[in-house]
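Visitor: Could you walk me through this model, please?
Guide: Gladly; here it is.

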Amino acid sequence: MDNSAWKFSELKYERPNLNVYKAMFDDATERVAEAESAEEIVQVMLEIDEMTRKADDLVRVAYIRHTKNTKDSFYTEQQHWFDENMIYYDQSVLNFSEAVCNSPFRNEIEEIIGTAYFVDSDIQSKTFSDDCIELYQRESELCSEYQEIMESTEAEFMGEMRNIDKLRALFAHNDRSVRRAAFEAFSKIIKENEDKLEVIWNELIAIRNQVGRNLGYESFIPVGYLLNQHIYYTPEDVAVFREQVTKEIVPLCEKLYLAQKERLGVDELMVYDEKAVFADGNANSAGDAEYMLEKTRAMYHDISQEAGEFIDYMFDHELFDYEDRPEKAPGGYSLMLLAKKAPFVFTRFDGSISDFQVVTGDLGEAFARYVAARKQPLKDYFSASGDIMEIYALSMCQFAYKYAEDFFGEDADKYRFYNMQELITLIPAACAVDEFQHICYSNPDLTPKERTLEWRKLEKKYLPWRKYDQDECMESGGYWYSLSHVFYYPFYYINYALARVHAMEMKKKYALHPKVTWMTYMSLIEQGGRLGYDEVVEKAGLTPLFTEGAVAEAMSYAKEVMEDYLENKEL
């Protein structure tokens, strides 16, 4: 097949023979041990990197096709097989990387490829051992069980069967009675499945904490930090950050929601009102999905030549799945097809304001990977850690503000305000999730009901405006069960909070010096996984957030912008 003309729908899939890849790694590991120079080892690394991209991509193709159609039993079965067996592939990867790290030529190798490979290898060695294999397998099974529950459980609403995500999307509906009814249906799904979700979460805590103990830690928390590459800050640093959020950002959020309550003309702002920012409705797109895509293509071409090439590549190769289909899995993601150096973005357009956030944030993250893949020799460097990728994605959202008129017409300012408010108000919500996970893994003997009550306490600390309209399930703390990242990606949520604060700084930089800021951005994303979080913060001129006063400094510009909107704009 002509590489320039391939399409995702045409990619062939076959289950990889892991024994073949194990033999490849065994041979490569032996060659590393026998190598007589750093250059020989780097050559082996490049060869094994190239050879194994196909296996990695088969895993990704199966996952993508499973999420594109959860009713396809073939790819559902493939997903279950990978959940059970990929741990053995990971074991071979670890054995190879350990051989490279233990080489007497390590210093010379670092000079050639950088230190990030060795940092990643060190993380792998600290988060894997043979006695964790069955635990990791069971963890994957439990996450799949959660996914199946959340995908398959629906409620009939307004003549349509809707899952959790589709019901939550209606919280922004113009009609408050619709919002309230959608929330009631949402809560009913959580309540009906609460017993099953309690069992899954209880076992996940036990399994993950056992993983931690098997690896020599007191709990899973250090493992969770390592798996997320949170190696440049500690739980104590994050606690300092969260405390600053309660002092600096929570009061701003309260002011924003008080103004929203007055705009909506309601006695009390309920959870199902939080997304309904304007009394006459949120910003409406100036056209349908095809219009959005046309404007998206034009926007990226206007941003830069590289961005234009990227967006053409995404559309030409069917790498942007935006259609709203009933068989699609909930949620969204961005990942890489490594052999093709091709990002894939999975989402669903719902006709709401979030569609523009997708074409800026999600596609912005994909753009960062696309650029890095064309600059970096190793697949490990095609993507940075999650905390960095979130900065890149949200920075693109800020760079795209000037195009709001193209997408929303007269509602452009509505979009800008809505997006800023959403970015800011999610920061304390993400901190609540992060502290909740620390509590759960530090206190494994808590009962499920005690855990949900801990969540409710954290809502009152970080989200004091949140009211559940006397809903028993939610008042008891049940809302968090709808947060899939807690189950799938423990300790990832703090990335959202950190990145949003940094994005507010990038917004200021771009407003004052757009050309210089874009050049800095490009130089950073070209480095891909070569850079760590601290390096990105320093090179971008951002504020380190783990000292007192840092959050106030980083948020000062955003606070001024929002207060100006509240005082001077007709919204």
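Visitor: In which helix is confidence highest?
Guide: This is a predicted model, where local features need pLDDT of at least 70, side-chain atom pairs count only at pLDDT 80 or more, and totals for chains, interfaces and linings use all residues. Residues are numbered from 1 along each chain as its sequence is written, and side-chain values use heavy atoms, leaving out hydrogens and water. Here pLDDT is the predictor's confidence in each residue, from 0 to 100, and helices are DSSP runs of H or I with at least four residues, strands of E with at least two, numbered from the N terminus. Confidence is lowest in helix 7 (residues 164-169), at a mean of 86, and the highest value, 98, belongs to helix 10 (residues 235-248).

Visitor: Is L483 buried or exposed?
Guide: Buried means under 20% relative accessible area, exposed over 50%, and partly exposed in between (1.4 Å probe, protein chains only). L483 sits in the loop between helix 19 (472-475) and helix 20 (484-488). Its relative accessibility is 11%, so L483 counts as buried.

Visitor: What is the phi of M158?
Guide: Most residues other than glycine have a negative phi. M158 is in the loop between strand 1 (155-157) and strand 2 (160-162), and is exposed, with a relative accessible area of 52%. Its phi is positive, near 55°.

Visitor: And how exposed is E318, in relative accessible area?
Guide: E318 lies in the loop between helix 13 (305-316) and strand 3 (320-321), with a positive phi near 60°. E318 is partly exposed, and its relative accessible area is 33%.
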